[in-house]
Amino acid sequence: MAAAADKPRWTQYENDHFIAYSDARKKTVLKLLAELEDFRSAFLQVSLISVPPDAPKTTVLILRNRRDFSKMKPSSGTAAFAQNINGRTVIVMPAGGSSMDSATIIRHEFAHALLAYKEFTYPAWFREGFAELTSTIDIDKSSQTFKLGEVIQRTETDGNLVLDWNELLDDDFNPHTMSNPRQGSLAYTQSWLLTHYTVLGNKGRNTPKLQVYFDQMSAGEPSLEAFESAFGMSPDEIWDEALEDYVRDLPVYVVNFRASGQDPDFRTTPAPDGKVEAMIAYYEKLSKTAGEPSLIKNPLQYLGGSWGLLDLD
């Protein structure tokens, strides 16, 4: 009887946008899911992205404590993570001792999932920069507002920006292939700063130039040439002509929060047998074999039939 009593009781939480599984306290889970629902609305509000009505729901796995979460995280420093599987975003996070780092990471990763609904494929610097820009959104419920443009946490440790701007704007730029973690962090910081300038700079008057840049890329023009044509400066001139002064007085805007399209009511039912266990098995195996990239490319094949229980098609 004791063993049965100790067995986790997984609960399924579902609304129009999310389907979550957790063994944590209901009150804690509903708070985390409400924050995700709020962020979803705020992100769509500032990004002007439309999510198709038939878009798959985001799957969220919330572990009741950090010990259980640590068994499946991809690296020792991970506070939370997200993965795209068959076009659906899966977010994995701990419920106990949730930190601002965890919330920021989840908002960043969820921003990627929402940004992907745009038919246009944004250049890597903008994808990462916009995810960083929106990751600081924190809704003030008393005033029904949120701030857009606040400084990200990375800037406290990154110091001087030393990554070559030509490298950042290159068509083949990928921050995930940087040679060391510090370079990778710098890439995110500089992507955020350039996104901040192109989206919020000059009281928003830079955005038409940003759209010209995107349009020229859509027409087949390389990123470096498109940027210089749209903004009138080469990557080598970005710091001296724009960002050196801009970074000294970054604008932060207070935005009225519109909770349009929200579904605040999460229906709770017992989780189907085997579904959560399959998810946990996959991530625990993936955590132990993080050095094998083929597992990430073919997660369904790696886990076999068990993974099919997740219905992520």
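**Entry 1**

I then looked up its backbone angle, and phi of lysine 203 is near 55°, which is a positive value in a residue other than glycine. Lysine 203 counts as exposed, at 69% relative accessibility.

I turned to asparagine 202, which I placed in the loop between helix H8 (181-200) and helix H9 (207-218). Asparagine 202 is not a glycine either, and I noted a positive phi of about 55° for it. With a relative accessible area of 41%, asparagine 202 is partly exposed.

The protein has an average pLDDT of 83, and 84% of the residues score at least 70. Among the elements of the protein, I found the highest mean pLDDT, 97, in helix H10 (residues 223-231), and the lowest, 47, in helix H14 (residues 299-303). Over residues 299-313 the pLDDT stays under 50, and for this stretch the model has 32 contacts beyond four places in sequence. I wrote a caution beside this: where pLDDT is low, the predicted coordinates should not be read in detail.

**Entry 1: the sheet**

Next I followed the strands and found an open sheet of six, in the order E4-E5-E3-E2-E1-E8, with mixed pairing. Its edge strands are strand E4 (81-85) and strand E8 (267-270), each of which pairs on one side only. On average, neighbouring strands of this sheet are turned by 20° against each other, with direction ignored.

Which strands does helix H12 lie across? I found that H12 (residues 275-288) lies across strand E2 (18-22), strand E3 (58-63), E4 and E5, and that it runs at about 105° to E4. H12 has 14 residues and reaches 21 Å from its first C-alpha to its last, which is close to the 20 Å expected at 1.5 Å a residue.

I finished by listing the buried residues of H12, which are Lys275, Val276, Ala278, Met279, Ile280, Tyr282, Tyr283 and Leu286. Beside the list I put a general point: an α-helix has 3.6 residues a turn, so residues three or four places apart point the same way.

Technical notes:
Residues are numbered from 1 along each chain as its sequence is written. This is a predicted model: local features need pLDDT of at least 70, side-chain atom pairs count only at pLDDT 80 or more; totals for chains, interfaces and linings use all residues. Side-chain values use heavy atoms; hydrogens and water are left out. Helices (H or I, at least four residues) and strands (E, at least two) are DSSP runs, numbered from the N terminus. Buried means under 20% relative accessible area, exposed over 50%, partly exposed in between (1.4 Å probe, protein chains only). pLDDT is the predictor's confidence in each residue, from 0 to 100. Contact means heavy atoms within 4.5 Å. Two strands pair if DSSP finds at least two bridges between them. Axes are lines fitted to C-alpha atoms, for helices over the stretch in contact, and angles run from 0 to 180 degrees between N-to-C directions. The expected span of a helix is 1.5 Å times one less than its number of residues.
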